[in-house]
Amino acid sequence: MLLLSCSKIFSLCPQRNFKRDEIPYQTVKEIVEKHLSNMDPEKRQILEARLRGETEQGPSETSSKVDSRGPSPNKPKSVSEYRNLLVADRHHLLPKLEDFGEAQKIHLKYPKNMRKFVRARTERRLASESNDYVNIVCDEKKLPEVFLPIYDQILRKRKKSLQCYNMIINTLHHYFMRVTWSDLVSDLVNEFIEKHIILTCDDLTTKYDREERAVDIYERLREYELMVLLELHLIKKHPEKIEETEVVNKLGFLVFVADSVHMKNFLDEIVCDQFAHIMPKALIYIYEELCIKMPLDLEDRSVDTSASSRLLETREVGRRSSRKMGPGSAAMLALEREAAAKKTEKERKHKKRKSDESSPDSGSGKPKMGLRARAKQAERISKRIAAREKSKRAGSRSYR
C-alpha cells in the first residue's frame, strides 16, 4: 500500500520528477493510515481489496497485466473546453499534446482566403485527441505477444481508424515511459510499430484475401486506414522518405474494398488533418501519385512550400507596385534601366580587356592585338616611312 501511495505522488506531481530517496516514506505512511482510519469501514474494505488485487498483479517477468482505461471526457461545444478537460484527466506517461497556443496560429501562415479552411482543420485535429490507452504490465520481451490480442481488440471495438491510431500510440508510449529513459521512448515506439504492427501490402492481401477470412468489411477498412496513419507517423521526422513507404498502394486498397470517394474523403479529412501542417510535401507527393485534386491548403503549398518566401515575395510585389504608382516613377525606372545597361557594358569591356591581356601571342611575350589594332599600327608605320622618304628627297635636292 505504501508503494502504491508513492506511485500516486509521481502521478499527482509529474513536474517535480521525484527521486526515490527524496520521498518521505514514513510521512506518507502516516498520512495514508490517518486517511484510512477516518474512512467509512465499507469503503475502506473495498479500497483495501482493490489495492491488494493491484499489488498481486504487479509487474513481473512471468505474469502480465492489461488494464483498459476509460474513455476520454465527453466533448463539449468548445475545443478549448475539451482541451482543458483532456489535460486535467491526462496521465503523465502519455505523449505530450500538441501546443494549443501554437495550433491556434497555424492558419495565420496562409492567405486570408484559406484561413477559415485551415482553422477548421486544426479544430478537427484538436478535437480528435484522446486519453484512451491500455495499461500493459509485462516484460519487454513478451510485449509483442501480449500486444497482439490488444491490437485485435482495439481494431474490433473502435469505430474509427483515427481512434485506433491514437489509442495504439498512447498505449505504447505509456508502456515504454515506464521501462526506459524518456528521450528514447519515441524511437522505441516507432521501432515496435515498424517491427510488430505495420503490415505490408502482401501481408494485408494474405490476411484478408488468400485465407478468405470472414471479417467485417468495416474492420477491414479500419485496418487499411490504420496502416496508412501508422506509416505516416513513422516518417514524421523524415517526410522525404514518403517514396519508400507503401502509403499510396494501401490507399489503393481502400478504392478496391470501398470506392474512390471513401478513399478521397479519408485522405482529405483524416490524413490531411493530422499531417498537412507537419509534412505538406509528403502529402503533395501522395496526391500527385494518385492523380487527384488537392485540398486548398496543399494547393497553396504546392505552388510555394515556403510560407516565409511567399510573404517576402508579396512584400516585394507591393513595394514595386507602390514605386510604379508614385510620382516620377517612369523617369526613375528609365534611369534605373540606363544605369543597369551601363554597368553591364562596363563589365563586358572589363572582361574582354582581361582576356586580351591574359592570352599572349605564340611568338612573343607581348599582349595579343586585334585585327583593327594591327591595321592602325600598319597605317602608322607606313606614314612614318613615307615621311622619312620625303625628308630624304628634300635634303638631296637642297644639296644639288
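This protein has 18 helices and two strands in its secondary structure, where helices (H or I, at least four residues) and strands (E, at least two) are DSSP runs numbered from the N terminus. What you're looking at is a predicted model, so local features need pLDDT of at least 70 and side-chain atom pairs count only at pLDDT 80 or more, while totals for chains, interfaces and linings use all residues. Residues are numbered from 1 along each chain as its sequence is written, and side-chain values use heavy atoms, with hydrogens and water left out.

**The whole protein**
- Take the contacts (heavy atoms within 4.5 Å) between residues at least 6 apart in sequence: 64% of them join residues at least 24 apart.

**Helices α11 and α13**
- Helix α11 (residues 217-234) packs with helix α13 (residues 260-275) at an angle of about 35 degrees, and their axes are 11 Å apart.
- Those axes are lines fitted to C-alpha atoms, for helices over the stretch in contact, with angles running from 0 to 180 degrees between N-to-C directions.
- From α11, the contact uses L221, E225, V228, L229, L232 and H233, and from α13 it uses H262, F266, I270, V271 and F275.
- Sorted by type, the contact residues are eight nonpolar, two polar and one charged; here Ala, Val, Leu, Ile, Met, Phe, Trp, Tyr, Cys and Pro count as nonpolar, Asp, Glu, Lys and Arg as charged, and the others, Gly among them, as polar.

**The second largest pocket**
- A total of 44 residues line the second largest pocket, and Y165, I169, S186, H233 and K236 lie nearest its centre.
- Two or more lining residues come from each of α8 (161-179), α9 (185-197), α11 and α13.
- Helix α9 gives the largest share of this lining, seven residues.
- By type, the lining splits into 14 nonpolar, 15 polar and 15 charged residues.

- K250 sits in helix α12 (residues 247-257) and counts as buried because its relative accessibility is 1%.
- Beyond residues up to four places away in sequence, K250 touches I198, L199, T200, C201, L204, M227, V228 and E231.
- V248 is also in α12, but V248 is partly exposed, at a relative accessible area of 22%.
- Setting aside neighbours within four places in sequence, V248 contacts Y285, I286, E289 and L290.
- V248 and Y287 are 39 residues apart along the chain, with 8.8 Å between their C-alpha atoms.

Technical notes:
On a 1 Å grid over the protein atoms alone, a cavity is a set of points where a 1.4 Å probe fits but cannot get out, and a pocket is an open set with protein on both sides within 12 Å along at least five of seven lines; lining residues have an atom within 4 Å of a point. Buried means under 20% relative accessible area, exposed over 50%, partly exposed in between (1.4 Å probe, protein chains only).
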